[in-house]
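Reader: I am new to this structure. Please take me through one part of it closely, and then show me where that part sits.

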Amino acid sequence: MEVLTNRNKPIFIHEGYQYIFDKFGADQVTKFYRCRRRDIHCKGRIMVSINGVIEVTGNHGGYDESPVGIEIARTITNVKKRAMDTMEAPAVAINQCIEHLTVAGKGMLSSVNNLKQVPTESSAS
């Protein structure tokens with residue numbers, strides 16, 4: 001399943017870290033991604049070539065990869081998609097999306113009231 005940012009941009013996941021597209025290389029084919037954790041000034045970056053080879057540069061500044069964080073990001077993306085695609089009540093969509101989470105994932109998840117306020121394209125208009 002694809003994971004999206006709050007602005008509906010795709011997130012690249014590699015070895016438990018989340019990366020956001022930054023720019024194309026000089027050849028306009030190679031893609032450079034930066035770590036999503038810029039809030040803690042993370043310097044982690046990856047370069048993805050046209051044949052799919054991934055080269056990791058920089059380091060992640062002492063924080064560990066987070067499989068639970070990826071699980072939460074996927075769940076929030078799923079909630080947003082269901083809000084856009086269906087006419088379900090928010091509580092029903094949220095409950096069905098979070099029922100498969102691990103115990104650790106449920107513990108890290110924002111409260112249900114915060115999830116009901118997750119911005120969607122239709123509510124932003």
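Which residue in E4 does Ile20 stand opposite?

Author: Ile20 stands opposite Arg34 in E4. Keep in mind that this is a predicted model. Now look at the two strands involved. Strand E3 covers residues 17-24, and strand E4 covers residues 31-35. The two run antiparallel, and five bridges join them.

Next, step back to the sheet. E3 and E4 belong to an open sheet of six strands. The order is E1-E2-E3-E4-E5-E6, and the pairing is antiparallel. At the edges stand strand E1 (3-4) and strand E6 (54-57). Each has a single partner strand, so one side of each is left without a neighbour in the sheet.

Now follow the chain as a whole. It has six strands and five helices. Read from the N terminus, the elements run β-β-β-β-β-β-α-α-α-α-α.

Helix H1 spans residues 67-85, and Thr75 lies in it. Is Thr75 buried or exposed? Thr75 is buried: its relative accessible area is 2%, and the cut-off for buried is under 20%. Leave aside residues up to four places away in sequence, and Thr75 touches Cys97, Ile98, His100 and Leu101.

Last, some totals. The chain has 125 residues, and buried residues make up 33% of them. Take the contacts with a separation of 6 or more: 40% of these are between residues 24 or more positions apart. The chain exposes about 8200 Å², with 52% of that supplied by carbon and sulfur atoms.

Notes
Residues numbered from 1 in each chain as written. Predicted model: local features only at pLDDT ≥ 70, side-chain atom pairs only at ≥ 80, totals over all residues. Heavy atoms only, no water. Helix = DSSP H or I, 4+ residues; strand = E, 2+ residues; numbered from the N terminus. Buried < 20%, exposed > 50% of the residue type's maximum accessible area, 1.4 Å probe, protein only. Contact = heavy atoms within 4.5 Å. Areas by Shrake-Rupley, 256 points an atom, 1.4 Å probe, with all protein chains shown as cover. Pairing = 2+ DSSP bridges.
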